[in-house]
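This briefing is meant for someone meeting the structure for the first time. It moves from the sheet to the helices beside it, and then to single residues.

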Amino acid sequence: DFTTLLGNEVTESTYAYASKKIYRIPLSTTHTYPFPENKDIESAKKNFLWLGGVGLVHKGLDLVLEAFAQMPEYQLYVCGDVTREKDFEKLYWKELYETANIKTLGKVDIGGETFRKIAQTSIALIYPSCAEGQAGSVVTSMHAGLIPAVSLRSGVDLGDFGVLLEDNTGEEIRQTVRSLACMPNNELKERSRKAWEYARAHHTRERFSEEYTKFVTMLESSNR
């Protein structure tokens with residue numbers, strides 16, 4: 001009779017065939033961070049992050065690795081347990097471990113110092129996933145003040161602060177990275193702050209609880 005959905009309008013559209021009433025619940029987060037007010041934007045604009053869980057091809061890591069392997073002037077941090085997918089690791093061994101501008105850190109505690117340092121010294125998340133409900137890695141990165149450069153299927157609204165990857169191609173990723181790196185520092189800082197503010201307003205435990213309570217209350221009322 002009813003469906004709850006972690007996602008945005010794009011995610012919801014993929015379930016339209018079911019003809020059910022859909023209630024969108026904003027994805028929560030496990031960690032929040034203070035806004036990186038003192039970030040060195042000029043230095044950070046050369047550094048980018050890919051953050052994700054299992055399903056490395058599904059989440060576009062292959063595309064990101066291939067793109068950055070052709071852009072030695074930009075640094076990529078890879079945060080994800082690539083060792084769990086041995087075939088992928090073997091195929092992309094050179095990019096993962098033998099390419100100077102790509103640093104593979106494996107699974108990283110997003111509440112730990114390593115992630116905080118990466119967020120402090122990087123400008124954006126690059127995440128060309130082919131399908132998500134609402135990507136936790138995107139929400140987490142926005143909470144950390146990173147600009148999201150993500151696919152439409154990430155399920156996260158980008159407002160006027162993010163960059164939409166429309167085609168998820170290597171060339172588009174390269175163009176996006178270069179475009180971000182060439183933006184004025186004050187524009188990058190403004191985008192960073194807007195991303196952080198959006199995450200704080202829409203993706204917290206408190207907001208999740210409020211919206212889910214509304215849903216449960218609706219169910220209770222409809223059964224009286």
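The model described here is a predicted one.

- Strands S7 and S8 pair in the parallel sense over 3 bridges, and Ala 149 stands opposite Val 163, a residue of S8.

**Helix H9 and its buried side**

- Helix H9 has 18 residues and reaches 26 Å from its first C-alpha to its last, which is close to the 26 Å expected at 1.5 Å a residue.
- The buried residues of H9 are Leu 188, Arg 191, Ser 192, Ala 195, Trp 196, Tyr 198 and Ala 199; they cover an arc of only 160 degrees around the axis, and therefore lie on the same side of H9.

- Tyr 33 lies in the loop between S2 and H2, and it counts as buried because its relative accessibility is 4%, which is under the 20% limit.
- Not counting residues up to four places away in sequence, Tyr 33 touches Ile 110, Phe 115, Arg 116, Thr 140, His 143, Ala 144, Trp 196 and Arg 200.
- Although Tyr 33 and Ala 195 are 162 residues apart in sequence, they are 12 Å apart in space, C-alpha to C-alpha.
- Phe 115 has its place in helix H6, and at 1% relative accessibility Phe 115 counts as buried.
- Beyond its neighbours within four places in sequence, Phe 115 is in contact with Tyr 33, Leu 49, Leu 51, Val 108, Asp 109, Ile 110, Thr 140 and Ala 144.
- Phe 115 and Ile 102 are 13 residues apart along the chain, and their C-alpha atoms are separated by 16 Å.

**Loop residues with a positive phi**

- Ser 19, although not a glycine, has a positive phi of about 55 degrees; Ser 19 is found in the loop between helix H1 (9–13) and strand S2 (21–24).
- With a relative accessibility of 65%, Ser 19 counts as exposed, because this value is over 50%.
- Asn 168 is likewise not a glycine and has a positive phi of about 55 degrees, and its place is in the loop between S8 and H8.

**Cysteines**

- How many disulfides does the model contain? With a pair of cysteine sulfur atoms required to be within 2.5 Å, the count comes to 0 disulfides.
- Cys 130 is partly exposed, with a relative accessible area of 45%, whereas Cys 182, at 63% relative accessibility, counts as exposed.

Key:
Residues are numbered from 1 along each chain as its sequence is written. This is a predicted model: local features need pLDDT of at least 70, side-chain atom pairs count only at pLDDT 80 or more; totals for chains, interfaces and linings use all residues. Side-chain values use heavy atoms; hydrogens and water are left out. Helices (H or I, at least four residues) and strands (E, at least two) are DSSP runs, numbered from the N terminus. The expected span of a helix is 1.5 Å times one less than its number of residues. Buried means under 20% relative accessible area, exposed over 50%, partly exposed in between (1.4 Å probe, protein chains only). The arc is that of the directions from the helix axis to the C-beta atoms. Two strands pair if DSSP finds at least two bridges between them. Contact means heavy atoms within 4.5 Å.
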